[in-house]
Amino acid sequence: IMDLIPGILKERLSSSEIEKLSKLQNHQLVNFLNSVVGLCDPESVYIVEGTRKDLEYVKRKAIETGEEIRLKNENHTIHFDPPLDQARAREDTFILGSKIPYVNTKSREEGLQEVISILKGSMKGREMFVGFYSLGPIASKYKMLAVQVTDSPYVIHSENMLYRNAFREFTNNEDFLKFVHSKGSLDIKKRRIMIDLEGVVYSVNTTYAGNSVGLKKLALRLTLNKAVNEGWLSEHMAIIGLEGERTHYITASFPSGSGKTSTSMLGKLISDDLAFIRNVNGIARAWNPESGVFGIIHGVNPKDDPIVWDVLHSNDEVIFSNVLLLPDGTVYWEGSGDHEPEKGVNFAGEWWKGKRDGSGKPIPPSHPNARFTVRLNSFKNLDLKYEDPEGVEIEGIIFGVKDYYTLVPIAESFSWEHGVITMGASMESSRTSAVIGKSDEMEFNPMALLDFISVSLGKYLDNYLSFGKRLSKLPKIFSANYFLKNENGYLNSKEDKKVWLRWIVERIEGKASAIRTPIGFIPTYDDLSSLFYKVLSKTYKKEEYEAQFTIRLKAYKEKFERVRSVYAGIDDVPDTVIEIFNKQIS
Ligand code: SPV
Ligand code: MN
């Protein structure tokens, strides 16, 4: 069996690691690992089979290498990414292949050559870890297998929490996604993420999980491409169970930082970030490819986010990233409701109140994109159906944005096509701090996917529309906006979203009525007033309703014109898309 393992790889494996790898009898795997070892030149290779011993080893290495620091609670650690590596690196991320509008692309030869030259010898003197995972429940016939190779124990530690270990499934199985990551020298100028849709995904000189944890947003580019080619949907969506006469499952697509995680906490949790949606006998069914949450911590406080708060204060495993480390071994983040400390250590080093950066700008104690990494089974609202090999039936889809000026808080589309195009494909949202750059500018972000799309938008929408045509039972489509303002500020409080979710349930059950407006169906005052009372014990005034649900026609029209012109400029957009916009605008 040992003869199966080629030269360079074998040199770097101890006998115990050879024993682990030999169990799999996987030629493609050993050849792949051999080529990575040949390229990156690590000192040794550790195979994460997934035993308790392996998991403990990875955690210990994360601490020994300084990538994580143990906190006062011994199951909690903190990780810092470099100051200029705090979010997704859009400009350094490329899909390899021919040009696609709105997608950062590079020719395959050029991209591979570039990243391979950076990766050459990048793991010298380091240990290389190999992790084996499944996207989706192991028992599901739709699962996808993936291998992560990295010189960062933090990356493998994160993946051990965020994905299901699937070591055994690799026996004789040659069909798996491949991710290679190296911290390299952490030189930002040489940060590259190269996504070969038919081959290996490479990421180097970055540690921020959105760039380094292959199975999350890097895998999304691969699965989205696969989904479009095979007629299903791989989406940037939460999956949530809402209680009514029975549990109704919905998916929800929001750009990061606009309410997706908080919405997931208001129902039974299946997923907070990603969804695979397939047509099974005419029914849309969804699965969570992940088994954990990498969530934004900014603003998490005990009043608005009691469930997340409890998880972060439990004895379960938590990795905090880019928050403030306090001298007593606890952490602080902005918006927690705690008193702002005087000093600590943060992503930029020693921190004290009033500290400024080189250009005179104040350095916040925690980064706006600071995060927590936890397992799904730490959440008390977890729905055990997340492990159901058959997935859950989807009855509704929310497309949500952060829009101060235009969209009503909640509306329902006239049809699948109308919802997909005027609500999903038309999403414009205030820019998030999850991407490097300025925040708060409005950005075109269809289905909250623009950063992750790996095929032409025309082909993507065509697949979406025909996916609906083949379903015998169509999910209802809703648009949501928790951020509408007028001159006096926000028109809704954070808890109002509970009412909108209840309205969705009542629409699915056929109980609530609705008013037909040019942009879709909106709730009636009477229904909302009774729901506000039932859900929040609040009186809902007619003036509040009018301020929130008056259709800002001019702004809507301008938005649709803007988006129509985007799609009119893309060659392969189906004619129906433009027709739906024309009808909507007239
Ligand atoms: C998001 O920003 O949408 C996230 C975090 O879920 S990241 O992994 O950076 O994409
Ligand atoms: Mn996300």
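Modeller: In this predicted model, Y482 has a relative accessible area of 12% and is therefore buried, since the cut-off is 20%. Y482 and F483 form a tilted aromatic pair: the ring centres lie 6.5 Å apart, with 40° between the planes. That angle falls between the limits of 30 degrees for stacked rings and 60 degrees for edge-to-face rings. F483 has a further contact, as the charged end of K402 sits over its ring at 5.2 Å from the centre.

The structure as a whole holds 34 aromatic pairs. Another of them joins Y142 and W287, whose ring centres are 5.1 Å apart; because their planes stand at 70°, this pair is edge-to-face. It links distant parts of the chain, 145 residues apart: Y142 lies in the loop between strand 6 (127–135) and strand 7 (144–150), whereas W287 belongs to strand 17 (residues 283–287). W287 is buried, at 4% relative accessibility, while Y142 counts as partly exposed, at 22%. Ring pairs also link Y102, F444, Y556, F560, Y567 and F581 into a cluster.

Strand 17 pairs with strand 16 in the antiparallel sense over 5 bridges, and V280 stands opposite I283 of strand 17. The two strands form a hairpin with 2 residues between them, and N281 in the turn has a positive phi of about 50°. Strand 16 (residues 275–280) is largely enclosed by the rest of the structure, because 5 of its 6 residues are buried. Strand 16 also pairs with strand 12 (residues 233–235), again in the antiparallel sense, over 3 bridges.

A second contact between a charge and a ring is found at W232, where R278 lies over the face of the ring at 4.0 Å from the ring centre. To return to the pair described at the outset, the ring of F483 thus has both the tilted partner Y482 and the charged end of K402.

Key:
Residues are numbered from 1 along each chain as its sequence is written. Chains are lettered from A and ligands numbered from 1 in the order in which they are written. This is a predicted model: local features need pLDDT of at least 70, side-chain atom pairs count only at pLDDT 80 or more; totals for chains, interfaces and linings use all residues. Side-chain values use heavy atoms; hydrogens and water are left out. Rings of Phe, Tyr and Trp (its six-membered ring) pair if their centres lie within 6.5 Å; planes under 30 degrees apart count as stacked, over 60 as edge-to-face and the rest as tilted. Helices (H or I, at least four residues) and strands (E, at least two) are DSSP runs, numbered from the N terminus. Buried means under 20% relative accessible area, exposed over 50%, partly exposed in between (1.4 Å probe, protein chains only). A charge sits over a ring if NZ of Lys or CZ of Arg is within 6 Å of the ring centre and within 35 degrees of the ring normal. Two strands pair if DSSP finds at least two bridges between them.
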